[in-house]
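Open the structure and keep the sequence beside it.

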Amino acid sequence: MVSKKVLIVYAHQSSGSFNSAAKDAVVEVLTAKGYVVEVSDLYAMTFKATATAEDITGKVKNADHFCYGEETKLAWEAGTLTADITEEQRKLTEADLVIFQFPMYWFTVPAIMKGWMDRVLTLGFAFTHEKRYSQGIFKDKKAMLSFTTGSQESMFSANGINGDMNVTLWPLQNGILHYCGFQVLAPQIFWAPSHVSSEARGTMLEGWRTRMQGLLGENPLAFTPLDCFDGEKGYQLKPEVHEKHAAKEFGLTVGTHLGKALPPNNQMKAGV
């Protein structure tokens with residue numbers, strides 16, 4: 001039987017950090033289960049964060065008006081993307097599951113990880129106009145976010161000062177991961193580990209280790225399928241879908257909520 005492959009895209013500069021411990025736990029537990037685990041340690045790799053014309057080794061189509069998406073698609077087709085991008089694309093192609101491990105910076109991923117997403121998930125390789133969302137290129141792969149916060153969980157609640165974490169996660173989980181077709185597993189959130197005791201941090205890690213025992217068998221988060229939207233009318237939700245959900249208390253997702261109350265935990269737990 002071919003071993004499952006897991007890619008960890010990791011962004012933290014300190015080997016003594018909680019994020020490092022969370023990453024090491026994945027490597028230890030999943031390797032012991034027989035998975036092949038590969039880590040892209042972005043800071044150790046000094047991975048370039050900026051998406052620029054220097055990402056192409058050959059000639060570009062239009063140097064006077066450089067369009068990154070179009071030019072990198074052509075370069076991907078021609079095999080002229082830089083070696084750091086093609087190596088990460090190789091890892092991603094081989095992976096059954098991708099885990100992004102990071103500390104949340106300014107309600108999103110660190111710049112170096114956003115750079116990985118900008119540069120590695122090129123047009124053509126990771127998505128096309130025809131192949132995206134539920135019909136995306138990576139629909140047979142799973143992906144998830146695993147991250148630490150600087151704020152307590154209560155601050156990311158619907159009534160909290162930071163706002164609903166479900167809304168915070170929508171751009172990352174829907175706009176990047178699901179957009180490329182990934183089946184998105186519920187995030188693993190470590191709430192403010194720097195503000196709790198070492199015992200509490202140990203409990204967090206044990207919970208993560210326990211979850212990993214069945215991680216690849218988990219059901220993914222639910223996103224509204226692409227065919228529920230009318231492509232000829234600006235990808236608006238079809239009337240029959242509106243009608244089906246008219247009597248329901250909550251909207252479909254935090255991103256498509258139909259003027260209703262936001263559905264609780266739809267970006268944080270599967271099956272809700």
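Start at Arg-211. At 16% relative accessibility, Arg-211 counts as buried, because the cut-off for buried is under 20%. Its partner is Glu-218. The two side chains form a salt bridge, with the closest N and O atoms 2.8 Å apart. Glu-218 has a relative accessibility of 21%, so Glu-218 counts as partly exposed. This is a predicted model, and side-chain atom pairs count only at pLDDT 80 or more.

How many salt bridges does the structure hold? There are 15. Several of them join up. Lys-5, Glu-38, Glu-87, Arg-90 and Glu-94 are linked in a network of salt bridges. Look at one pair inside that network. Arg-90 and Glu-87 form a salt bridge, and their closest N and O atoms lie 2.8 Å apart. Both residues sit in helix 3; they are three residues apart, so about one helical turn separates them. Arg-90 has a relative accessible area of 30% and is therefore partly exposed. Glu-87 is also partly exposed, at 33%.

Stay with helix 3 and turn to its neighbor. Helix 3 covers residues 83-94, and helix 4 covers residues 111-120. They pack at an angle of about 85°, and their axes are 10 Å apart. The two helices are therefore roughly perpendicular to each other. Which residues make the contact? Helix 3 supplies Asp-84, Ile-85, Glu-88, Gln-89 and Leu-92. Helix 4 supplies Trp-116, Arg-119 and Val-120. By class, the residues of this contact of helix 3 with helix 4 are four nonpolar, one polar and three charged.

The side chains of Asp-84 and Arg-119 meet at 2.9 Å, N to O. Asp-84 lies in helix 3 and Arg-119 in helix 4, so the pair ties together parts that are 35 residues apart in sequence. Arg-119, at 0%, counts as buried.

Next, step back to the annotated region. The UniProt record, an unreviewed entry, carries the annotation "domain: Flavodoxin-like fold" for residues 4-194. Over residues 4-194 the model is 32% helix and 16% strand.

Now pick out Pro-103. Strand 3 runs over residues 97-103, and Pro-103 is found in it. Pro-103 has a relative accessible area of 9%, so Pro-103 is buried. What does Pro-103 touch, not counting residues up to four places away in sequence? Its contacts are Ala-11, His-12, Asn-19, Thr-108, Pro-110 and Thr-148. Val-6 gives a distance to check. Pro-103 and Val-6 are 97 residues apart along the chain, and 20 Å separates their C-alpha atoms.

End at Gly-234. Gly-234 lies in the loop between strand 7 (229-230) and strand 8 (236-237). With a relative accessible area of 54%, Gly-234 is exposed, because exposed means over 50%. Trace from there to Gln-101. Gly-234 and Gln-101 are 133 residues apart along the chain. Their C-alpha atoms are separated by 35 Å.

How values were computed. Residues numbered from 1 in each chain as written. Predicted model: local features only at pLDDT ≥ 70, side-chain atom pairs only at ≥ 80, totals over all residues. Heavy atoms only, no water. Axes fitted to C-alpha atoms, helices over the stretch in contact; angles between N-to-C directions. Helix = DSSP H or I, 4+ residues; strand = E, 2+ residues; numbered from the N terminus. Parallel < 35°, antiparallel > 145°, perpendicular 65-115°, else oblique. Contact = heavy atoms within 4.5 Å. Nonpolar A, V, L, I, M, F, W, Y, C, P; charged D, E, K, R; others polar. Salt bridge = Lys/Arg side-chain N within 4 Å of Asp/Glu carboxyl O. Buried < 20%, exposed > 50% of the residue type's maximum accessible area, 1.4 Å probe, protein only. UniProt positions renumbered as here; feature names shortened; annotations may be inferred.
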